[in-house]
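Student: I have a structure to read and I am new to this. Can we go through the features one by one?

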Amino acid sequence: MGMKNKHRYQTESEIFFQKRLFRNRIYFALGFTLIFFLLLWVRMGYLQWVGYKHYHSMSEGNRISVEAITPVRGRIFDRNHILLADNQPVFVLKFSKDKIENLQDSFSLLQNLLPDLPKERLSRFLERVKVGSKYRPLYLPYTLTEIEAARFAGHSYQFPGITLVAKLKRTYPFKESAVHAIGYVGKINQKEFTQLSESKYAGTDVMGKLGVEKYYESILHGSPGLQQIETNARGRVIQKLESVPAKPGKDIQLTIDIRLQQYIEKYLDGKKAAVVVTNPKTGGILAYVSTPGYDPNLFVDGISQTKYQELLKDHNRPLINRVINGQYPPGSTIKPFVALAAIENNIISPYKKIFDPGFLEFKDHRYRDWKRQGHGLVDMNDAIEQSCDTYFYELSLKMGVDLIHDSLYPFGFGHHTKIDLYNESVGILPSKAWKRRVKGQTWYKGETIIAAIGQGYFLSTPLQLAKAISIMANRGEIIEPHLLKDKEYVKKEQIPIQNIENWEKVIKAMMDVLHSPRGTARRYGRDLPFKMAGKTGTAQVFSLNEGEYDEENIKKSLRDHSLFIGFAPVKKPKIAISVIIENSTLKAAPVAVDITKYYLSELQDEN
Amino acid sequence: MKIDLPAREKVYRKNSGILVSLHLDGWLMLGIFLLIITGSLIVFSASGADQEVLSRHLIRVGFAFILMLVFAQIPPNLLRIYTPWVFGIGTIMLISVLLFGDIGKGAKRWLDLGFFRFQPSEIMKLALPMMIAWLFAHDSLPPPNKKMLIGLGLVGLIAGLIIIQPDLGTSILIAMSGLFVLFFAGLSWRWILSAVGLVAASLPIVWNFYMYDYQKQRVLTFLDPESDPLGTGYHIIQSKIAIGSGGLEGKGFMGSTQAHLEFLPESTTDFIFSVLAEEFGLIGVTGLLLLYLFVIGRGLYIASQAQENFARLTAASLVMTLFVYVFVNIGMVSGLLPVVGLPLPLLSYGGSSLVTLMVSFGILMSIHTHKKLLTS
C-alpha cells in the first residue's frame, strides 16, 4: 500500500488543531442529535398528549376498518358471444385464524360435520393456516355443495372464526376445450403476491395464470372497491358504513369459434396434435387446438398434488401448449416459401427443369429423395406438387442459407409471431450468423441442403406455420395472429413483391398438391367443392442417416410427424390452416381438408 | 509476566474482568441489552403473543450477538487493512446484482448465491464509511481537498449503484453514512452549506426526471394520507391512531388494540414503535428516546476517545448512522416523514439490518477496547 512510508509525524500544532476540530464536530453531532430527538419528543407529545382525546376516541369507541370488495372478473366470450369463462356464485369457508380458539379441534369437528371434504386437502390447508398470518383470512380451497353449506350454517355456532361466505368462482363451461388459449386463473402464490400492487389486488386471491386469462389480466381483473366496516372490540361486524363499489373487469371477446374448435378437438380425439386455423385477412385465430388438453377447472381452487403429478407424468404431455411451444422441423411445408424466394430473386426460372435421379451427391455424401427411384425431370411446379427433395437440394446450393433465411424471415419463421400469449417459443430459422452465435461454429454447405427441406436445425411452431401460410394466402400481406377480437390491425406491412406472377405460380403449384393427378394430397382434394392450396410435410423425429425409414419397425413414439399447411378458397382465401399430427397417428392432409370443408360449408357465413 | 514485552494494549481497569477479556464495553452493552429486551417484549405483544415469532426473533438476535462478539475481537488495525478489500467485493456484488440480481417487487436488490440470498447494499452500510475513513487514515484532519473529493466520488458511486436498483431510501441512507465521515473529517462549513443549498434547489429536478411513480406516490401520500386510504396512507393514519391513543401512560403491555385488531400493518417490524407508543404511552416513548440517546452518546464518546483517524471516523459515522435510522423510523411512523421501509434499530423483528447493526456495535467495541498505550 505504501501508506506506512507516506505516514509522517504530525506537528504539535497539527495535532492540537485536529483534536479541536474533531471534538467540535462531535459536540455538533451531539447537539444535532439532541435537537432532532427533541423534535421527535415534541411530536409524540403532540400526538399523545394534545391529540390523545381525538385518537383515543378513534381507537376506542368503535373501530372502523376498511375492507376491500373483490371486483367481478371480466368474462371471456368466443366470436359468437358464447361464454368460455364465467363466474359462478359458490359457497366457501373463510378462516380467521385469530378468532379460532383451537385449530386442531375445529378442523376435526369440521371433518366430522362434512365427511366429503377431501382429507388430504384439508390437512394441507391446516398447515397453511398454522404458518399463515394471524390477520389475513384464508379460504378453504373447496366448493361446498348446497347441502353441505346448509349443514354448516346450522352448526356455525360451533365454529367461531370459520364463516360461510359466498364467492364468485371462475368456471370454464367447455372444460378442456381451447384450454391452451384461454388458460385459467389460480391462487396467487407468495412470489406473485410480492410483485402485485397491494391496493389493486386487495380482497382478491386469484389471478390469471396462463393463456388469455394471464395476458389480459389487467383488463379482466378490474379494481377493488372499499367497504368501511364498523366492528366491536372483538372484531365482529356491527354495521357496514359507506362504500365505494368495485370496478368490475371488462368482458373480452376472442376470435375463436368454439364450434370449430370443438369439431377439431373431437376429430383429433386426444391424439398428440396441434391445429391452428386463422382468418388470413385479419390474423384472427378461429381455432387454437393443442391436444390432448386438460380441464382448467381443476386449477381454479388449486389442483391436488396427485392430479397434478398425473398430468405431469402423462406421456402425451397434456400441459404442453403445442401451438406456441411445440417446436417441430417444418419439413417439406417450407418448400413453397423456398421456391418463391428462388424465383423472386431470379435464382432459377420456374420453367427450368432439373433431373432427379433419386438423390443428390455432394462432397461424397448422398442426399436421398424420399422417392427412391427419383422424380425424373421436374420444374418448380412439379417439385412443389410432388414434394421433390432433390430439386430443392440443387436449389439450396444455388441460394445459400442466408438468402433462404432472409426470404423466410418476413413470413414469421425464427421470431415471435406477436400472438397475445406469453412464453411463445420462436423456433429456429438457421443462418450462418445464427450458427456462429449459438453454436460457435461455421456453416457447412451440407447443412444448407437439408435446411432447404425444413430439416436439420430448422424448427418452427404450428403457430408460425399458420402465420406463414396466412401471409402466402394474402400474397405477402403480413398479419399478426391474435386471439382478442378487438385486435384488428389497421396498418399491415407487405412483403415486397418482384413479380406477382411468381406468387401466383407458387400458389398454383400448391393447388396442384391437392387437385392435380400427381399431387401428394390428390386423394383428399379430388371431390372438393372449392379450390384449396396446400403443402404436405413430414418432420423427422429420429434422424436416419443413409438408412431406410421402416415404419413398421420403429417405435410409435419415434415415428415421423405428419404436417400440412393450406388455405382456401385459393382466389379469395377465407381460412388458413396448419396441422401437425405427432407420430403420424393420422395423416395431416385429410384432417386439414375436412376442417376446411366443415368451416366453409357450415360456419363461414356467420363469421 | 509480560513486563519485558512492548505493551500493546491498555489494560482496562475500570471494568470487570470478563468484559475486558471479551473486548466489550459495559455501558454500550447495557444500552443494547435494554433495547433488545424492550424490542423482544413488543415483538411478542405485536405478534399476538406468538411464541414462535418471539423465539425466531431471539434466535436472530443471538446470531447477531455472536457476530458482534466476533467483530469486537478484531483490532481496528486489522479492520483497516481489510476495508478496501471488503469495499471492493461489495462494489462488485452491487454491480452483479444489477446484472443478475433477483427481482423482488420490481427492484433488483438481492443476490442469490445458491445457498442464501442477501442484499449487498447491507455490506455497504459499513463498508462505505469505513472505506472513506481508510482514505483519511494517515492524514492530518482536515484532509486535503483532493482526498475529500475522492471520498465524495465514492459516495456518489455507491449511492448511484443502489439508486438504479432502484432503492432510493437505502441509497440516501448509505450516502449519509459516507457523508458523515466527511463531516467528522472536517469538511468545511462553506461546502456543507452550499451542498445543502444545492440539494434543496435540485429537488424539483429529481422529482420530475429521476423518481419512479411509486416513489412519487409515497411522497404524495405522505403529504396527504387520506388520498390513498387503502395503501400507505391508511398505514400512517392507523399508526397515528395507535400512537395518539396511547396517551401518557399507555394501554399497558399486550394492550395494543391497533395491532391486535389488524389495523396496524407490519406491527412487528417497521411499525413496532407505534405498538410501543400505544402500550407504554408518552412515558414509555420518553424512556425509549433516552435509551437511544444514551447509546448514541456513549458511541460518540467512544469516537472521541479513539486514537487514530480510521477508528474515530468509523466510530463517529456508525453512531450517527444509527441516529439517522432511529430518527427516520420514528419520524415515519408518526407522520413526520414519508413512508420508507426501514426497521427500528434493535427493536424491530430481526432481519439482515439487525445483523449489520450488531456488527457495527462490535466494531465500536473493538475500537474502544483495543488501544495502544500512549508512550509520550
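Tutor: Start with the secondary structure. This is a predicted model. Chain A comes to 24 helices and 19 strands.

Student: How many residues does chain A have, and what share count as buried?

Tutor: Chain A has 607 residues, and 38% of them count as buried. Look at contacts too. Take those in chain A with a separation of 6 or more: residues 24 or more positions apart account for 72% of them.

Student: Is A:Ala589 buried or exposed?

Tutor: Count the neighbours. The cut-off for buried is 20 or more other C-beta atoms within 10 Å. A:Ala589 has 28, so A:Ala589 is buried.

Student: Where does A:Ala589 sit, and which residues is A:Ala589 in contact with, leaving aside its neighbours within four places in sequence?

Tutor: A:Ala589 lies in helix α24 of chain A, residues 588-603. Its contacts, with those neighbours set aside, are A:Ala521, A:Tyr524, A:Thr536 and A:Phe564. Now compare sequence with space. A:Thr520 is 69 residues from A:Ala589 in sequence, yet their C-alpha atoms are 9.3 Å apart.

Student: Now strands. In what sense do β14 and β15 of chain A pair?

Tutor: Strand β14 (residues 359-362) and strand β15 (residues 365-368) of chain A pair in the antiparallel sense, over 4 bridges. Follow one residue across: A:Glu361 in the pairing stands opposite A:Arg366 in β15(A). The two strands form a hairpin, with 2 residues between them. Check the turn as well: A:Lys363 there has a positive phi of about 50°.

Student: Which residues of α2(A) and α13(B) meet?

Tutor: From α2(A), they include A:Phe22, A:Ile26 and A:Phe36. From α13(B), they include B:Arg312, B:Met320 and B:Phe323. The residues of this helix contact divide into 10 nonpolar, 2 polar and 1 charged.

Technical notes: Residues numbered from 1 in each chain as written. Chains lettered and ligands numbered in written order. Predicted model: local features only at pLDDT ≥ 70, side-chain atom pairs only at ≥ 80, totals over all residues. Buried ≥ 20, exposed ≤ 12 C-beta atoms within 10 Å, placed from the backbone. Contact = placed C-beta atoms within 7 Å. Pairing = 2+ DSSP bridges. Nonpolar A, V, L, I, M, F, W, Y, C, P; charged D, E, K, R; others polar.
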